[in-house]
Amino acid sequence: MSSDVRFTDFKSDAQPTWCPGCGDFGTMNGMMKALASTGNHPDDTFIVAGIGCSGKIGTYMHSYALHGVHGRALPVGTGVKLANPDLEVMVAGGDGDGYSIGAGHFVHAVRRNVDMSYIVMDNRIYGLTKGQASPTSREDFETATTPEGPKQPPVNPMALALAAGGTFIAQSFSSDAQRHAEIVQEAIEHDGFGFVNVFSPCVTFNDVDTYEYFRDSLVDVEESDHDPTDRDDAKEAIFETGAEYQGVIYREDEAVSYTEQHGVDANMADIPDGAPDGATDLVREFY
Amino acid sequence: MYSDFNWAIGGEAGDGINSTGKIFAQALSRAGRHVFTSKDFASRIRGGYTAYKIRTAVEPVESIVDRLDLLIALTPRTIDENLDDLHEGSVIVYDGERTTMQNVEIPDEMLGLDVPLKRLAEEAGGAIMRNVVALGAACEAAAFPIDNLDSALQKRFGDKGSAIVENNQTAARAGQDYVRDSYADREFGYDLECTDADYVLLNGDEAIGMGAIAGGCRFYAGYPITPATDVMEYLTGRIERWGGHVVQAEDELSAINIALGAARAGARAMTATSGPGIDLMTETFGLVATSETPLVICNVMRSGPSTGMPTKQEQGDLNAMLYGGHGEVPRFVLAPTTVAECFHRTVEAFNLAEKYQIPVYLTADLSLAVTEQTYDPDEFDMDAVEIARGRVVDEESVAEWQADDGKFKPHAVTEDGVSPRTIPGTSGGAHMTTGLEHDEFGRRTEDGGMRVEQVDKRARKVDTAREREAFEPREFGDPAADDLVLTWGSSEGAMREALELLDERGVSVRFLSVPYVYPRPDLTEAVAAADRVVVAECNATGQFADLVEYDTLTRVERINKYDGVRFAADELADAVAAALDDDTTTTEVHA
């Protein structure tokens, strides 16, 4: 791939309608940088987005892209990648899209381990519908639909991914531009399903999980003795410490992606202009 | 003496009924006889009544009838379930040594053949071959040369080794010999003549799967559901030979979205499901249609609503396919009318999907899905398959469809409604599309003018297809007859045979079988030319009859069957005769 692709080549001319200061700006910039730095080109890249503020990302980026229905972005990305493994497939969504309406697909996409990346813009709130609890909202987070808080523990995306057999599980912060781009880049380069939960603050409706909160509380695993290839270290980070981590929590270097396991390597768009050679064998089977 | 022979094996689910029936159907096909099969079955792994039925003749057979000539009964219930169809001289093979069968009473006018199936099977090498002993007994009673059964057993068990094949062939002979020796004085009166013809034997789901591969489908995603699962099972292990792949998704929501992704990547992609799955897929269906993605969605209908009768026949989803989903967006609905049509219409469905960048419902039903039918192999001529991909633009031609700043227009407003399409990887063709209303570039818009342009553009694709394609009905019967019968989908075979029965009674009708529900043929002239019009379909409300009335502004007579069983030729002939005979406008047919 040509090395002269700049990250701005992945930017469309559409003006984002995200609120000024929205975490999604930083999330998207990091995605574009990571795509460019891994040598991808907009014509060979496919972005899939779901519904919500995060879902608008396909509009603001330049590539082949589909903005789908709520919660089903991962299945779409799966189909794109399997039909043409030469494409770079990146799926983007929010915490509602991925962990609520799409939670079932999330679990199965993780265990399927198709070689693509999944970037979740986690702001712990439903922003586009103007401020209701999301699956990652805190138990006591008060909103119009949960006046006393959801009174349910939030979904732990890291734990879900680990339990489902995730082979690349990471977390980043949209405001830490360099680390975020590095982590997304690693997810792209991972041979399998590269999952990054991005803390992407909502400045309008979430006054708890703010930039300030993440700046103060984030712990970068790189600054500890955490070994991302050690499953026990990952379990401890996810279940025991209660800290908000940034970095690659778990990575299975020997992972074999779905396409490799199943020998899916053809560009299925290429077909002959008649029945394929040998099709008559199919008729003979019925004698 | 009838020219056709009707055979069945029945017992409990888990008794190997299906596989035994398939072996006998194969033997008949190998003998150069035509075969048409049907199944009575329940949605469970063990228990309940299940039967595999075969109608066979030297001439083509296309329907079931209400007559049974030979029944292998593994349970007393099998006899009870079929009493209405058994007749004087019907042969019933059973094992009187089986505890449950000891007190079975065979009606006096029938011929009971008490054959110790289990004991003879054990002597031949194992009780598991009990049904094969019964097949040997059936060969003797029907005067059917047993070497054809040998050949079918070889096909069925060949991969398990020659010892297994030989044991089965020995077991079959034990059944044959037993009948020959113990019932030497009986005249059965059947003689299953063989011919030199070579036929293939396949069901509708298999024909759809084969049509998909022939028609360039390389990607399938689905979730198992009766009666569509056979499509997925057929493709698995075969589509890979041509670089394709099958994904078993976690649910139907995922299945259609995975297939949608593959289609956006440029593959000819398909999913198959039945009613409950169609309901789940409906939201994404709207996205497929408005993003103008070519996708084939196969709906093998079963009885609804909700879980309904999952193993029973019905054509009840027509309105769901035509109108399902919020908002308004065009789609095509094809309804193959026979097993062979399942192949041809599947190839066509993929061409239509790409030529018009539109979702195509390809709808079969339980009857077609489980019917094994014989055909001349030339019916499936692979050399005749043509692939048309529509307005796909490559790197050379993409410039024609770019704005001045180089942006590609995936939803360009064109005269024929069809926009250009770039396969991802094509330089200069990058674009997004969305379920939001969009402009020519695929970007969200709420501009009223562009909204109207895009809605009209999508609708124009249907007009274009009507002009360019031949959405014709299949014509049978007497074209000059006063009365007209219409069916859609799988009822064609029963009605074709009913034509002959009606003819014997001096009733002559014109019969149009409609494989295209939307866009559909213009039936105005045919309806106007007829004194009376009868629409027969397997549902309670007459969904297709409603369409005919809407199109032609003419009231039609309705024949509706919704007891879970397909039309039999003889009952359909009776119903048509009755509908033409009095002034009632709705005839309900129940077995």
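**View 1. A:Phe46 stands opposite A:Val89 in strand β3 of chain A.** This is a predicted model; local features need pLDDT of at least 70, side-chain atom pairs count only at pLDDT 80 or more, and totals for chains, interfaces and linings use all residues. Residues are numbered from 1 along each chain as its sequence is written, chains are lettered from A and ligands numbered from 1 in written order, and side-chain values use heavy atoms, without hydrogens and water. Strand β1 (45–49) and strand β3 (88–94) of chain A pair in the parallel sense over 5 bridges. Strands are DSSP runs (E, at least two residues), numbered from the N terminus, as are helices (H or I, at least four). Pairing takes at least two DSSP bridges.

**View 2. An open sheet of 9 strands has mixed pairing.** The order is β7(A)-β8(A)-β5(A)-β6(A)-β4(A)-β3(A)-β1(A)-β2(A)-β15(B). β7 (218–220) of chain A and β15 (432–434) of chain B stand at the edges; each has a single partner strand, so one side of each lacks a neighbour in the sheet.

**View 3. The structure holds 0 disulfides over all chains.** A disulfide is a pair of cysteine sulfur atoms within 2.5 Å. The sulfur nearest to that of B:Cys139 belongs to B:Cys194, 9.8 Å away. B:Cys139 is buried, with a relative accessible area of 1%. B:Cys194 is partly exposed, at 33%. Buried means under 20% relative accessible area, exposed over 50%, partly exposed in between (1.4 Å probe, protein chains only).
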